[in-house]
Amino acid sequence: MARSHCSFLQGASSPAALVRQAKGLGYTGMALADRDGLYGMVRAHKEAKAQGIHLIVGTEVTLRCAATLRAVPGDEAESEIDGRGGPDDAESHELPVTTAVLLAESHAGYTNLCRILTLGHARHEKGRARRPHEGVPRNNCCTVYPTDIAALSDGLWAIVSPEIPAAGLALFRQSLGAKLSIGVYRHGRGFDGPREALAGELSRRFAIPIVAHNRVRYATSQEKPLYDVMQCIREGLRLDEAGRLLEPNARACLESPQRMCERFADEPDWLRRTVEIAEACRFSMGELRYDFPSHVDEPAHAGETANEALRRLTYDGARRRWATTPNGVEAQIEKELEVVRALNVAPYFLSVHTLVAMARRRDILCQGRGSAANSAICYCLGVTAVDPSRSNLLFERFLSVERAEPPDIDVDFEHERREEVIQDIYNMYGRDRAAMVSEVVTYRGRSALREVSKVFGLSAEQQGRLARMRDAWGGEREELAENRLIEAGFDPESERLHRIFELALALEDAPRHLSIHVGGFVLSATPLVQIA
């Protein structure tokens with residue numbers, strides 16, 4: 001089980017780097033379980049497909065559950081949660097926190113995984129800060145309860161830590177049965193022994209198998225310093241303040257199968273359990289299929305196919321645009337309709353038409369732009385304003401059978417009234433089939449230098465001066481860069497300074513936090529938890 005840097009400062013390597021390292025070590029599969037989300041899964045899936053290894057889809061959720069157990073006469077393993085720790089509990093934020101790794105066995109399991117994450121994130125306000133003085137957004141504001149997983153356990157496997165309260169473990173055993181394991185890793189730290197003893201006790205008490213893993217946080221041991229820096233950034237600490245926050249060794253990397261066999265030579269059953277789980281969790285992101293939402297139109301035209309509806313609306317629009325459709329334009333329309341039919345994208349045009357018509361009924365200014373202006377269909381639908389009878393359109397810039405790419409129609413809406421359009425979209429399609437698009441904000445050159453230099457103890461004024469040097473570092477001749485460093489008051493021979501630049505370069509492009517796109521929407525014919 002590995003976390004990537006898409007866990008937002010809780011993992012150091014990219015999803016693709018982890019997959020490549022797993023392949024290089026001889027693994028035929030790898031489980032990616034980022035914290036409280038699936039943000040790196042598509043990138044990992046693409047790389048796994050290229051490398052020819054199986055990607056096990058999962059996530060590590062933040063779990064809160066009651067610490068006590070109410071005994072039920074007879075079988076202790078059938079005990080019930082004592083009523084605390086549910087989402088309606090006013091004191092639930094004070095309950096013990098642990099984690100559970102959930103892995104998708106099937107498409108149903110993936111859907112339930114998405115539902116659980118949705119529930120967990122919905123319990124927190126958007127934009128809460130991890131540390132108010134730092135202002136670092138807490139993307140992982142996600143709280144999952146054992147009752148959530150018990151209710152949505154179909155198609156899921158779970159690996160829990162030994163620290164889980166017995167009440168939660170009992171509920172998991174009832175709902176997951178043989179698909180539940182207790183995870184154990186060996187990083188050569190003082191608490192390894194007590195944790196293993198606790199895992200063994202729970203395993204015997206509840207008849208739950210133990211599985212070996214390595215709690216992977218980076219692909220190779222060389223990335224341990226970057227992970228340490230990320231830990232400090234997340235907690236708002238300098239390296240010299242971090243203390244036990246930083247691990248004393250670099251064992252949280254991907255180890256070879258041989259090394260793992262040596263490490264757990266005394267517990268071969270724990271290793272065999274990893275194979276059982278991997279063989280069971282065969283779901284692939286490649287199974288997901290997206291369908292455009294059905295066209296919403298007046299009942300008089302019920303039963304029309306999407307292509308028939310698009311043809312009708314296009315020629316209705318043409319009659320509004322011209323008294324008689326010009327011959328050249330009609331030929332262009334027919335050509336475009338054939339391409340749309342061949343690519344099966346008529347529902348997309350109909351959805352855009354619906355949104356534009358909805359805005360204009362409210363007198364909200366809107367206008368399509370970009371390559372869609374090369375489409376006569378878009379002009380007839382009222383989406384764009386470029387008259388095809390007065391210009392030579394190059395429709396292939398927008399859509400072509402040869403490229404076989406989905407169309408991309410950007411529509412600008414009146415800024416002050418954009419929220420009205422957003423709420424209309426939710427009302428029309430439902431919040432289970434419509435959602436705003438997220439953006440992953442990443443560290444760029446200057447922001448990475450500022451954060452790393454802060455961790456190394458540089459003052460705010462020094463951080464600013466050093467950040468302005470980013471364009472020179474690596475982009476100019478070495479002697480010129482050194483002269484600029486001297487002019488800025490830095491010692492170009494400083495080992496600490498070189499380390500800061502080295503780690504800042506490694507931090508670049510790593511995800512920092514999530515943001516919501518100003519107007520990007522995804523609409524689906526099926527619930528988004530099934531395909532997102």
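1. In this predicted model, the N-terminal end of helix α19 is capped by Ser494. The cap consists of a side-chain oxygen of Ser494 placed 3.3 Å from the backbone nitrogen of Arg496.

2. Helix α19 itself covers residues 495-507, a run of 13 residues. From its first C-alpha to its last, α19 reaches 18 Å, which is close to the 18 Å expected at 1.5 Å a residue.

3. Which residues of α19 are buried? They are Leu497, Ile500, Phe501, Leu503, Ala504 and Leu507. Just after α19 comes Asp509, with a positive phi of about 75 degrees.

4. Helix α1 spans residues 15-24, and its buried residues are Pro15, Ala16, Ala17, Leu18, Val19 and Ala22. As for their surroundings, the buried residues of α1 pack against β1 (29-35) and also against α2 (41-51).

5. A residue with positive phi also follows α1. This is Gly26, whose phi lies near 100 degrees.

6. How many disulfides does a search of the whole structure find? The search returns 0.

Key
Residues numbered from 1 in each chain as written. Predicted model: local features only at pLDDT ≥ 70, side-chain atom pairs only at ≥ 80, totals over all residues. Heavy atoms only, no water. Disulfide = S-S within 2.5 Å. Helix = DSSP H or I, 4+ residues; strand = E, 2+ residues; numbered from the N terminus. Expected span 1.5 Å × (residues − 1). Buried < 20%, exposed > 50% of the residue type's maximum accessible area, 1.4 Å probe, protein only. Polar contact = N/O pair within 3.5 Å; in protein donor to acceptor, adjacent residues only side chain to side chain. Contact = heavy atoms within 4.5 Å.
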